[in-house]
Amino acid sequence: MAGKICFFLLSEIDMLSLFELFKVGLGPSSSHTTGPMKAALRFTQFLAVQPGGDKTANLDVRLYGSLALTGAGHHTDRAILLGLSGKKPETLDPKEADTIIETITKNGLLALGSGGTIHFNALKSIKFEGHISLPFHTNAMRFNAFDAQGDLIASRIYYSVGGGFVVDEDEAGRNAPDVVGMIPVHEFTSARELLQIADASGLSIGDLMLENECANKPRTEVLSGLDEIWMHMGACMEHGLAREGLLPGMLKVRRRAPDLYAKLKQRDPQPKQSCERSDWVNLWAMAVNEENASGGRVVTAPTNGAAGVLPAVINYYLHFVEGADAQGVRTFLLTAAAIGCLYKRNASISGAEVGCQGEVGVACSMAAGALAAVLGGSNAQVENAAEIGMEHNLGMTCDPVGGLVQIPCIERNAFGAAMAIQAARLSMLGDGQHAISLDEVIKTMFETGRDMSSKYKETSQGGLAVNIVEC
Ligand code: SF4
């Protein structure tokens with residue numbers, strides 16, 4: 001049972017770049033796959049500069065809390081091996097990842113990213129200690145390196161704090177070095193400030209974010225970076241639409257997107273003219289999340305588990321909104337990022353900290369606000385849409401069956417996307433005035449997550465995870 005945990009607020013990060021929020025990595029989980037891979041890579045870099053680090057003969061890795069309880073289903077052990085091999089999630093090809101794992105498993109040898117090759121048996125040397133929770137965060141891992149005599153050379157604790165962000169034991173509770181903060185032109189820490197600054201400067205939320213990004217990078221780089229994010233999201237969706245078969249894991253879940261795609265193409269040869277748009281939205285979201293569940297290349301938005309919501313809503317925009325174009329996709333991503341930053345700063349985007357409201361709920365809120373923006377909504381309507389997008393996800397638990405990011409995750413993304421569209425449309429019918437502010441709903445989400453039993457926070461010890469018979 002995971003014990004008491006402390007909650008991690010990135011309050012010392014002034015502003016996050018959208019390129020931190022939207023990261024390319026491998027599925028199925030940003031906190032349980034991407035984060036541990038980055039942590040393992042960081043440990044090899046740490047080891048490389050320790051006295052005697054080059055004499056490493058043996059490694060021992062311990063996973064704690066949620067990482068241990070759902071790590072097997074989330075490919076955490078694979079991620080550790082890849083990180084120790086010196087691989088980065090953003091550049092590693094999924095096929096190369098399979099080859100590396102097969103080689104290590106077959107030969108029992110691990111070529112460390114820091115140099116040198118050691119004997120390594122993952123079954124014995126990666127230990128899942130779900131009964132232990134370290135005080136700072138439930139997603140904790142310890143790496144120990146030993147020499148040939150069994151003497152300890154180096155030991156380090158890392159925490160995967162959601163969305164692929166990682167801090168080590170010294171950084172816990174303060175700014176994370178892998179977070180590239182921005183020096184913003186327009187600094188905001190709350191939705192209220194965001195609206196005030198945008199209104200005072202006459203900017204849309206998307207343009208305000210663009211000015212912030214352009215203060216740190218050439219404009220052409222920012223724009224091409226945005227296009228690249230959408231390109232990766234689209235590629236992930238295309239893969240999901242084409243790949244048939246079973247998803248990895250004991251649940252033997254069949255990929256549904258290819259069949260569904262064939263049916264919808266037959267029914268609606270021109271998707272733009274479809275009367276059943278929600279079927280297409282379901283398809284697009286599920287395609288992304290089936291690809292994520294298979295360990296494919298995914299963009300965190302804001303996490304892997306919730307990666308299908310934004311691409312599905314962007315595709316809704318491109319297919320069903322008159323006048324949609326590439327510039328609109330950039331505006332969508334910029335606006336979504338502004339909203340995502342508020343959750344990252346003032347609450348959490350980690351299912352292990354606050355349940356699924358922090359993943360699919362946040363993605364829904366981001367997509368709702370972003371869709372309102374590209375539908376021509378005012379800043380107040382964008383804020384209203386984002387608030388509605390979270391309000392009806394409050395309390396949503398994280399209870400992945402078998403520790404796999406499949407049930408309920410895949411369908412849940414489809415529902416997150418549908419709800420985002422509803423929220424945006426509702427806000428567009430109003431004038432932006434509403435009773436509960438986005439800041440209030442973010443605060444409520446965080447408090448609700450804090451009150452939630454650990455059974456419902458990515459431990460697979462409650463909810464659907466214990467009421468479905470695994471076969
Ligand atoms: S239930 Fe939600 S938070 Fe939990 S693993 Fe699935 S998508 Fe992530």
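Predicted model: local features only at pLDDT ≥ 70, side-chain atom pairs only at ≥ 80, totals over all residues.

Housekeeping first. Residue numbers start from 1 along each chain as its sequence is written.

The C-alpha atoms fill a box of roughly 70 × 50 × 45 Å along the principal axes. For 471 residues, a compact globule would have a radius of gyration near 23 Å, and the protein chain has 21 Å, which agrees. That radius is taken over C-alpha atoms, and the globule rule is 2.2 Å times the number of residues to the power 0.38.

How much of the chain is buried? Buried residues are 54% of the 471. By buried I mean 20 or more other C-beta atoms within 10 Å of the residue's own; 12 or fewer is exposed, in between is partly exposed, and the C-beta atoms are placed from the backbone.

Now the domains, with bounds from an automatic or database domain assignment. Domain 1 is 28-168 and domain 2 is 191-467. Their centres, over C-alpha atoms, are separated by 30 Å. The contact takes 20 residues from domain 1 and 27 residues from domain 2, where contact means C-beta atoms, placed from the backbone, within 7 Å. On the domain 1 side, α2 (30-48) supplies the largest share, four residues. And the make-up of that side? Five nonpolar, 15 polar and no charged. Nonpolar here is Ala, Val, Leu, Ile, Met, Phe, Trp, Tyr, Cys and Pro; charged is Asp, Glu, Lys and Arg; the others, Gly among them, are polar.

On to the cores. In soluble globular proteins, nonpolar side chains tend to be buried together. A core here is a set of buried Ala, Val, Leu, Ile, Met, Phe, Trp, Tyr and Cys residues joined through C-beta atoms within 7 Å. The largest one has 102 residues, and V309, V313, A367, L371 and A420 touch the most other members. Helix α15 (residues 360-374) gives the most to this core, 12 residues. Leaving aside neighbours within four places in sequence, V309 has contacts including A285, A301, A367 and A420. Apart from that core lies another, of 37 residues, with L59, L63, Y158 and V167 among them.

S125 is 64 residues from V61 in sequence, yet 6.1 Å away in space, C-alpha to C-alpha. Then E169, in the loop between β8 (166-168) and α7 (191-201): with 14 other C-beta atoms within 10 Å, E169 is partly exposed.

Last stop, the ligand. 13 residues surround the ligand, the closest being G305, G351, C356, C398 and C409; the cut-off is a backbone-placed C-beta atom within 6 Å of the molecule. That shell has eight nonpolar, two polar and three charged residues.

Definitions and conventions: Helix = DSSP H or I, 4+ residues; strand = E, 2+ residues; numbered from the N terminus. Contact = placed C-beta atoms within 7 Å.
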